[in-house]
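Here is a friendly walk through one protein model, arranged by topic. Have the viewer open and follow along.

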Amino acid sequence: MSREWRVLCERGIVGRLWAMNSLATSRYTSLPRRQYSVLSKQYSVLGTRYSVVDTRCPVLCLLVAILLSAGCSRTPPASPPVPADEDPRISFATPYGNVRPEVKYVGDKVCARCHTKIAESYRRHPMGQALAPVADAIAQERLDKAAGNPFDRLGVEFSVERQGDRLLHKATRRDAQGRTLSELNAEVQFVLGSGTNGKSYLIGGDGYLFQSPISWFAQKKIWDLSPGFGNLYPRQRPVTADCLFCHCNRALPDEHALNHYRQPIFEGYAIGCERCHGPGELHVLRRSNSEEGVEADYTIVNPRRLETHLRDQVCEQCHLQGEDAVVRRGRGAFDYRPGLPLYLFLSVFVRKPELNEKHKAVNQVEQMYESRCYQASKGELGCISCHDPHRLPAAAEAVAYYRERCLTCHQESGVGGQGLGIREHGTRGGVKGCSMAREQRESRQRDDSCIACHMPRSGSSDIVHTAVTDHRILRKPETDGVSRQPPRLAPGEAPIVNFHQRYLAADDKDSARDLGIALVRMGRAHPDDRGELCRLALPLLETAVATWPEDVAAHESLAYALWSQGRTKEAFEAYQAVLKKVPQREQSLLDAATISEQLAEEDQAIDFWRRAATVNPWSAMAHYRLAQLLAQRQQWDEAIAEGSKAVRILPSVIEQRVLLIDCYLRAGRKEKARAEFTAIEILNPAELDVLRRWFTERNQ
């Protein structure tokens with residue numbers, strides 16, 4: 001018995017693989033696939049069962065060949081969905097053995113031993129450069145003044161300095177004569193992004209990650225303030241697991257913390273082979289034992305061989321960027337395995353199509369689904385129809401490369417290459433070539449680029465969450481999509497919808513639970529709409545918590561929804577219930593501490609802030625708010641200790657220094673107070689004159 005076979009037997013996989021490969025049980029079932037049209041909002045079931053063929057049976061092969069020629073080749077599967085309480089990595093019907101949770105990842109280096117050329121090409125692909133330790137990152141950025149290094153924003157001079165393998169981000173304040181008043185240095189730990197559109201940088205320590213306020217914008221080839229920091233700086237931006245999901249191979253987040261990770265923080269840095277092919281342990285064992293065989297290899301997933309919807313969802317795990325994505329109940333952030341339905345692990349919510357101005361979707365997946373190419377192909381068209389995930393064509397060959405992709409369907413023919421002919425292919429019917437004469441096309445685009453006309457670049461390609469090219473593939477982009485005012489929602493109507501809802505039952509309670517969580521998270525991010533969004537979420541979350549009392553994420557969201565509706569005491573009780581289950585739940589500690597202050601429960605507020613500061617010692621807010629409460633109790637030494645921690649973390653936040661000065665003065669430590677006020681004078685805030693008068697009065 002081979003080692004691989006023993007592993008399969010031990011893990012209960014061999015029986016399932018044997019059944020899937022046997023002639024008697026050559027069928028497996030998946031989930032129903034429904035064609036979805038954003039434009040028409042029509043839903044229609046297209047699928048029948050899909051067969052896995054045992055190629056050792058020539059009669060069956062002949063039958064399948066006949067079926068394929070009749071257009072039955074890649075029809076979507078149909079079967080009941082996996083219950084949410086079951087782990088789909090165990091219960092979902094698939095012949096692929098490496099979807100199971102106990103199958104181990106092996107890492108890119110092991111894959112490269114056999115797949116050398118692909119591995120070498122992939123290292124140059126943007127996905128293969130999505131994340132790197134600073135010492136290993138490819139230095140594409142310029143550090144000269146022409147590239148905006150340094151640059152001035154918010155009264156601060158930001159600069160980037162390389163010292164050997166180290167990269168330092170600096171924030172310097174200078175006086176009118178250019179003399180340095182203060183300088184803050186942050187050492188970059190990781191570089192985020194391939195540099196195709198830009199790069200961001202991760203700073204922090206002890207497993208806590210934050211985004212640097214300095215970013216590199218590749219299209220403009222300049223340094224500038226990271227998006228959103230105009231209103232945020234000098235405060236922090238924690239980097240959460242959902243921020244990292246599409247930029248790293250796998251991260252090790254602390255489930256109940258906001259931005260803390262278990263060491264070594266990452267298992268593989270950039271997007272790796274196994275994010276698209278699944279864990280490689282079984283495949284390596286098979287190949288190590290030279291067991292290639294003639295039958296299909298179900299120890300590893302090849303996305304090209306999957307049903308079209310499962311194939312597309314391998315890409316959608318990152319490229320479907322909606323308004324929010326909620327990890328499904330009982331799942332982990334990185335539990336998804338290629339070959340399984342993404343929507344059993346992650347609920348991705350997108351804006352309702354009718355709310356988009358010009359009916360233009362904001363991510364490439366939604367746009368592709370809107371395209372006539374996708375709809376006419378009945379889903380056969382997918383991301384990898386045009387994109388090679390292992391290789392990015394060089395700039396000089398990109399036009400020809402993508403033109404060739406278009407011509408696989410829109411083959412030119414007709415008199416003089418006019419492109420008026422029709423190519424019959426498969427069961428899709430006729431597909432027209434370009435109706436514009438070649439001479440006319442080349443007069444507009446010298447290199448006869450299809451995408452320049454039909455997939456023009458959007459205006460905000462430096463912003464991650466907008467499409468770089470228009471994937472609607474419009475026939476006449478300059479005239480399609482008349483601008484209109486988006487309609488208002490009906491009362492009680494949510495502005496977002498689960499992108500994969502067509503695969504789920506209409507009364508799916510888990511989907512409703514996820515929608516409630518997504519609405520609350522949107523409410524946190526959009527204060528002006530918070531009340532209405534959380535009002536819509538409230539009944540969904542009440543049902544979820546009643547159904548699954550141990551669901552911490554739903555219970556926490558319910559507490560916030562209650563709080564937003566002015567039901568503060570009920571919200572506080574809900575947060576207490578969450579913290580009874582998970583005492584170190586960071587967001588609940590922060591919210592419960594704030595509510596305690598609102599309810600004038602000072603003892604509880606101090607306890608919650610102290611616990612929050614212990615859970616995340618890098619939280620300047622927790623230290624500052626704790627110092628405020630301790631100062632109110634005239635516990636000066638403790639208040640000074642906590643206030644000093646807040647100032648060390650964020651030395652440019654004026655109100656933190658003012659509190660610390662006040663504590664020093666009340667404790668009779670005037671020299672310390674004077675030193676802190678000198679630091680404020682160096683920071684030169686707009687209200688400095690007011691602060692000077694305040695300090696003089698308090699110092700008397």
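## Ground rules

Helices (H or I, at least four residues) and strands (E, at least two) are DSSP runs, numbered from the N terminus. Residue numbers start from 1 along each chain as its sequence is written. The model is predicted, so local features need pLDDT of at least 70 and side-chain atom pairs count only at pLDDT 80 or more, while totals for chains, interfaces and linings use all residues; side-chain values use heavy atoms, with hydrogens and water left out.

## Two cis prolines

Let us begin with the backbone. Pro150 sits in the loop between strand 5 (131–133) and strand 6 (151–153), and the peptide bond joining Asn149 to Pro150 is cis, with omega about 10°.

Another cis peptide bond runs from Tyr233 to Pro234, with omega near 10°. Pro234 belongs to the loop between helix 7 (229–232) and helix 8 (241–244).

Strand 11 (residues 198–205) is mostly covered, with seven of its eight residues buried; buried means under 20% relative accessible area, exposed over 50%, and partly exposed in between (1.4 Å probe, protein chains only). Strands count as paired if DSSP finds at least two bridges between them. In general, strands of a sheet pair through backbone hydrogen bonds, either parallel or antiparallel.

Strand 10 (residues 190–192) runs antiparallel to strand 11 and is joined to it by three bridges, with Leu192 opposite Ser200. The hairpin of strand 10 and strand 11 has five residues between the strands, and Gly193 in this hairpin takes a positive phi near 110°.

Strand 12 (residues 208–211) is also antiparallel to strand 11, through four bridges, and Tyr208 is the bridge partner of Gly205. Here the hairpin has two residues between its strands, and Asp206 in the turn shows a positive phi of about 60°. Strand 13 (residues 214–217) joins strand 11 by two bridges, again antiparallel, and Gly198 stands opposite Phe217.

Which order do the strands take in the open sheet of three strands? The order is 17-18-21, with antiparallel pairing. Strand 17 (324–327) and strand 21 (496–498) are the edge strands, each pairing on one side only. From one strand to the next, the twist averages 25°.

Helix 18 (residues 509–525) packs on this sheet and touches strand 17, strand 18 and strand 21; contact means heavy atoms within 4.5 Å. The direction of helix 18 makes about 130° with that of strand 17. For such angles, axes are lines fitted to C-alpha atoms, for helices over the stretch in contact, and angles run from 0 to 180 degrees between N-to-C directions. Strand 17 and strand 18 (residues 346–351) share four bridges in the antiparallel sense, and Asp324 stands opposite Phe349.

## Helix 15: length and cover

The buried residues of helix 15 are Ala398, Tyr401, Tyr402, Arg403 and Arg405. Their cover includes helix 14 (383–386), helix 16 (438–444) and helix 17 (450–454).

## Two nonpolar cores

A nonpolar core is a set of buried Ala, Val, Leu, Ile, Met, Phe, Trp, Tyr and Cys residues joined through side-chain atoms within 4.5 Å. The largest one has 68 residues, and those with the most contacts inside it are Leu519, Leu541 and Trp609. Helix 19 (residues 530–547) gives this core its largest share, eight residues. A second, separate core of 30 residues includes Cys276, Tyr336, Val348 and Phe499.

Take a closer look at Leu541. Leaving aside neighbours within four places in sequence, Leu541 is in contact with Arg513, Gly516, Ile517, Val520, Ala554, Ser557, Leu558 and Ala561.

Asp448 is not a glycine, yet has a positive phi of about 55°. Asp448 lies in the loop between helix 16 and helix 17 and counts as buried because its relative accessibility is 6%.

Ala600 also has a positive phi, near 60°, and lies in the loop between helix 22 (586–598) and helix 23 (602–615). Is Ala600 buried or exposed? Ala600 is exposed, with a relative accessible area of 65%.
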